[in-house]
Structure formats: C-alpha cells, structure tokens
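This report describes the sheet, the helix packing and selected loop residues of a single chain. The sequence and the structure are shown first.

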Amino acid sequence: MSTNSAKFIFEELIQGNLRFQKNQSTTIINNKEVLSNEPKAIILSCIDSRVIPEVIFDQGIGDLYVSRIAGNIENKDIINSFEFACNFKGCKVLIVLGHEDCGAVTSVCDNHETLFVNLKPHIAPAIKAISQKINFDKDRNQYITKVSELSVLLTLDRIRFKSPILSNLEKNNELILVGAMYSLITGEIRILN
Ligand SMILES: [Zn+2]
C-alpha cells in the first residue's frame, strides 16, 4: 500500500488512536521543526475541551487540518476550507468526529431554547428519526447517543451533497469520508457507517 494512499493515511490515524488508548502516544507535540503545511487528513470535531484531535489520534504539528464547532456540523465556510484542503493540499481523509456526552447535541435534544440556536436545524433531522425509535423520557441517554451518531452520518451526507468536489474525490477513491464517535471514557474512536 502506498504511504500516500487514502487507506494508508486512514490506517495511520486508527493506529495513532490505538496508541493514545494504550497511553503509548509517540508524537512530540511541540516539534517546531515542522515548517511545511501539508497535512494528510482533516478532522471535523466538536469544540468540547476533551476532544482534541491531535492528541486522540496521536498526531503532531503539521499532520492535521482541524475544524472545531459545537456539535461537529458543517457549514458552507467549513466545506470551502475542506475543498481547499483536498484540492490544493491533497488531504485524503476527512473524519467527522462526534463524541459521547456532547453538551451541544444534548442541549438541542433537551429543547433548550436559548443555547445553540443555529445548531438546531442541523440536529433536527437526526432527532426526528431517532424519536420514532427511542422514547426520550424513558431512555434519555440512549436517545442522545443515537442522535449524536446519526447526526454525524447526516453531516457527512450533507457534505457530500453540498460539495461535488469532495463527493467526486470520494467516488474516485481519492478521499475517504467517514464518521466516527469518540469515547471520553476509553479514548476509543469508533468508526461509524
Ligand atoms: Zn460536543
């Protein structure tokens, strides 16, 4: 497998997360010798202070483009950044990373009127779908977990739909687009799909 292939880079990230889980991280995070800006992958994650992509994938300076926003959802500016990253910088992996105990997703599920007003329409389709399967009052935790997971997958679908550039790269096997969930307890990044 070429060290420049999407599959190889994806596997590198998975291996980095395994090292992190086992407390065997090897990356020197303060390496100031990296002067080029040629990251191999993009992570779209939450602003949550506990979800730090470089740390949980055991990657260093210059390895990742990272976009962080409450609820790890897309918008047109973020998508435009991803198109730049893939088209001009050659990134070959894009991971939309949700996480356990997401305050943003939880506040939307709880129908909190004043928090994350702009996030609501992004999470609403996942809430609608999960409400048909799980009763919020009976099983709130399970409900929020499933909404978080589905929202990651729907975010991926919207990225594909809104960006012909990225979806074409994916169709040509030049870009791996996946969703994943991060466990705050174990440090595991579980691939969805
Ligand atoms: Zn969050």
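What should the 23 residues of helix H6 (residues 140-162) span at 1.5 Å a residue, and how far apart are its end C-alpha atoms? The model is a predicted one, and in it the end C-alpha atoms of H6 are 32 Å apart.

The model contains an open sheet of 5 strands in the order E2-E1-E3-E4-E5, and its pairing is mixed. E2 and strand E5 (189-191) stand at the edges with a single partner strand each, so one side of each has no neighbour in the sheet. Direction ignored, neighbouring strands of this sheet are turned against each other by 25 degrees on average.

Strand E1 (residues 41-45) is mostly covered, with 5 of its 5 residues buried. Ala41, Ile43 and Ser45 point one way from E1, while Ile42 and Leu44 point the other way. E1 runs parallel to strand E2 (residues 64-68), to which 5 bridges join it. The pairing of E1 with strand E3 (residues 93-99) is also in the parallel sense, over 4 bridges.

Strand E3 is likewise mostly covered: 7 of its 7 residues are buried. Val93, Ile95, Leu97 and His99 point one way from E3, and Leu94, Val96 and Gly98 point the other way. E3 pairs with strand E4 (176-182) in the parallel sense over 7 bridges.

Isoleucine 42 has tyrosine 65 as its bridge partner in E2 and stands opposite leucine 94 in E3. Isoleucine 43 has isoleucine 95 as its bridge partner in E3. Isoleucine 95 in turn has valine 178 as its bridge partner in E4.

**Helix H6 and its surroundings**

H6 packs on the sheet, where it touches E3 and E4, and its direction makes about 160 degrees with that of E4. The buried residues of H6 are Ile144, Val147, Ser148, Leu150, Ser151, Val152, Leu154, Thr155, Leu156 and Ile159. The elements that cover these buried residues include helix H3 (76-87), E3, helix H4 (103-109), helix H5 (120-131), helix H7 (164-171) and E4.

**Helix pairs**

Two packed helices are described by the angle between their axes and the distance between the axes. The table gives these values for two pairs.

| Helix pair | Angle between axes | Axis separation |
|---|---|---|
| H3 and H7 | about 40 degrees | 9 Å apart |
| H5 and H6 | roughly 130 degrees | within 8 Å |

H3 packs against H7 at an angle of about 40 degrees. That angle makes H3 oblique to H7. The crossing of H3 and H7 is left-handed. Phe82, Glu83, Cys86 and Asn87 in H3 meet Ile165, Leu166 and Leu169 in H7.

The axes of H5 and H6 cross at roughly 130 degrees. H5 and H6 are therefore oblique to each other. Their crossing is right-handed. On the H5 side, the contact is made by Ile123, Pro125, Ala126, Ile127, Ala129 and Ile130; on the H6 side, it is made by Tyr143, Lys146, Val147, Leu150, Ser151 and Leu154. Among the H6 residues in this contact, Val147, Leu150, Ser151 and Leu154 are buried.

**Two loop residues**

Where does lysine 32 lie, and is it buried or exposed? Lysine 32 is placed in the loop between helix H1 (6-21) and E1. It counts as exposed because 7 C-beta neighbours lie inside 10 Å. Lysine 32 is 130 residues from lysine 162 in sequence, and their C-alpha atoms are 36 Å apart in space.

Phenylalanine 116 lies in the loop between H4 and H5. With 17 other C-beta atoms within 10 Å, phenylalanine 116 is partly exposed. Residues up to four places away in sequence not being counted, phenylalanine 116 touches Ala70, Gly71, Ala104, Ser107 and Val108. The C-alpha atoms of phenylalanine 116 and valine 105 are separated by 8.9 Å, the two residues being 11 residues apart along the chain.

Notes: Residues are numbered from 1 along each chain as its sequence is written. This is a predicted model: local features need pLDDT of at least 70, side-chain atom pairs count only at pLDDT 80 or more; totals for chains, interfaces and linings use all residues. A residue is buried if 20 or more other C-beta atoms lie within 10 Å of its own, exposed if 12 or fewer, and partly exposed in between; C-beta atoms are placed from the backbone. Two strands pair if DSSP finds at least two bridges between them. The expected span of a helix is 1.5 Å times one less than its number of residues. Two residues are in contact if their C-beta atoms, placed from the backbone, lie within 7 Å. Axes are lines fitted to C-alpha atoms, for helices over the stretch in contact, and angles run from 0 to 180 degrees between N-to-C directions. Angles under 35 degrees count as roughly parallel, over 145 as roughly antiparallel, 65 to 115 as roughly perpendicular and the rest as oblique. A crossing is left-handed if the near helix is turned anticlockwise from the far one by less than a right angle, and right-handed if clockwise.
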